[in-house]
Amino acid sequence: MSAAVLTPDAVRAIDGRLERAGLLDPAMEIAGLAVARAVQERWPSGRVLLLAGGGANGGDALVAARHLLAAGREVTVLARPATHPLTRLNRRRLRAVGGEVRPLTPATLGRAARDAAVLVDGLLGTGFRPPLRDDLARVIGALNAARTRDLNVLAIDLPSGLDATRADVPGAAVHADVTVTFIGPKPAQLFGDAAAQCGEVRTVPLPVPAAWIQDVQVAARPDDATLGALLPVRTASAHKGTAGRVWIVGGHPGTVGAPALAGLGALRAGAGLVTVHSAADVPLVTPELMAQRHADLRTFLTSTGLTGTGARPDAVAIGMGLGPEAPALAREVLDWEIPTVLDADALQPDLCGYGHDRCVWTPHPGEAARVLGVPTPEVTRDPLSAARALQDRLGGVVVLKGGPSVVARAGDLSVARGGHPGMASAGMGDTLCGILAALLAQGLDPWDAARAGVRLHARAGEIAAVRFGYGLGATDVAHDLGRAWADLRAAPLTGVYAGV
Ligand SMILES: NC(=O)C1=CN([C@@H]2O[C@H](COP(=O)(O)OP(=O)(O)OC[C@H]3O[C@@H](n4cnc5c(N)ncnc54)[C@H](O)[C@@H]3O)[C@@H](O)[C@H]2O)[C@@H](O)CC1
Ligand SMILES: Nc1ncnc2c1ncn2[C@@H]1O[C@H](COP(=O)(O)OP(=O)(O)O)[C@@H](O)[C@H]1O
């Protein structure tokens, strides 16, 4: 099963179909009920202050208020004039069961917040387009000020002021402790500062046909069962020659650890034979690794190219700490048209157009910005669009790394689950390259190798982080790859990063 990542356009398209089917009203009822239940479960006592905007997000808040009232909670509802017909309808329904709705201003909010334990933010959801109007910016300012005085905040669908498509925070925006979103996460809940502002994200399914969601989703989020099923299975007669031969081409004086870490990653991800080819002396981090030093790496690779397929490995990972010669060497290896992972120094704009169907490119946002010729914040603000643009230029499969990483192939995007902030340390990406090369060498196609490999790496990071926390190292992650593999095979739904 895959969950879907949705943009506001996708939400609008689904809402349109629900409306034509006469099902938008029950969908809002389920959304509002889920919000009320989340409040009851997380903060079971104290007055609840609900803020309702004019659109459907406000409608959800009014439904939630009605259910909280029915459950015996004390509620205060402050609302802006309703523009959506279902929001008007739910105002009437709330009043019909004895609920009171008063006008929302910064002053009424400030007063009502004093005796509330929980605030529910239903001001703006996916219909919001920056810039924020001044009157609402003042309301959001008053809300955040009240939060600093021990008020718990639950945002409906999206903290108000965030643009659902963007990973940055465009202006005044609500800080939430919990965000209850519907159907699937929006990009703002997955990436960057915007995601941090959402707090814990809970996704509530709505009764919408799976095909409608599939038609409009911007990216998939495959679960562990789906990815675990892609991992290779060996027969008892397997031997090192059939388990995949990997070459790591990397290392330069000063950056010799990178290819060693990639080699370790490849071994721990099951490659039968792993050889590091380098112009420098690469440390033998584990004796199972073979290391060959070449006085002239280019001549070695060229002669391998000329001697034909027999001499070549099943997969190559190239670029880790490789230095200035990397683009020329990468072009040589790309000419072989065998499964290839390209990383670090091999991620250069002049390689655009040289990719083929069997290669995987693994830029972090800085490298992605270099390839695209844009500032790094442009990449991090919208990782989905950046991954699509990179794939368009480079070809094959692209892994735009981060917390979380995005995998792209022509016409398809996938957002990884899991990982740990402790993985923000040098060498972590080198280990990932080794893992990807090992999976390619064991016969996975690049799209499957990238999606499964990224999750394997993230899962190993989650496991190792239990012991090492923010002190996590790339070798620690490599050593937990076996446990991560077993977890994915058993396919538990654990370790979901930030609860999304
Ligand atoms: N398919 C789904 O996911 C469902 C979504 N629902 C809710 O519907 C919401 C989307 O509803 P809407 O499309 O009505 O949109 P919203 O309620 O998010 O926002 C529209 C309102 O925001 C105001 N607004 C927009 N830009 C503004 C700006 N720059 N400054 C100030 N005000 C601004 C508009 O005037 C309008 O009142 C979702 O976030 C969710 O809460 C549910 O009701 C049911 C189903
Ligand atoms: N906060 C985070 N959450 C999850 N994964 C992370 C996080 N930070 C980094 N990572 C992962 O760690 C790796 C870092 O790669 P990279 O920046 O290329 O490191 P290096 O070049 O030092 O090897 C990527 O796979 C990335 O997805």
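These questions and answers concern a predicted model. Residues are numbered from 1 along each chain as its sequence is written, and chains are lettered from A and ligands numbered from 1 in the order in which they are written. In this predicted model local features need pLDDT of at least 70 and side-chain atom pairs count only at pLDDT 80 or more, while totals for chains, interfaces and linings use all residues.

User: Which residues does the UniProt annotation "binding site" cover?
Analyst: The annotation comes from an unreviewed UniProt entry; such annotations may be inferred rather than shown by experiment.

User: Is Asp 121 buried or exposed?
Analyst: A residue is buried if 20 or more other C-beta atoms, placed from the backbone, lie within 10 Å of its own, exposed if 12 or fewer, and partly exposed in between. Asp 121 has 30 other C-beta atoms within 10 Å, so Asp 121 is buried.

User: Where does Ser 160 lie?
Analyst: Ser 160 has 25 C-beta neighbours inside 10 Å and therefore counts as buried. Strands are DSSP runs (E, at least two residues), numbered from the N terminus. Ser 160 lies in the loop between β6 (152-156) and β7 (178-182).

User: What is the distance between the end C-alpha atoms of helix α1?
Analyst: Helices are DSSP runs of H or I, at least four residues. The expected span is 1.5 Å times one less than the number of residues. For the 13 residues of α1 (residues 8-20) this gives 18 Å, and the end C-alpha atoms agree, being apart by 18 Å.
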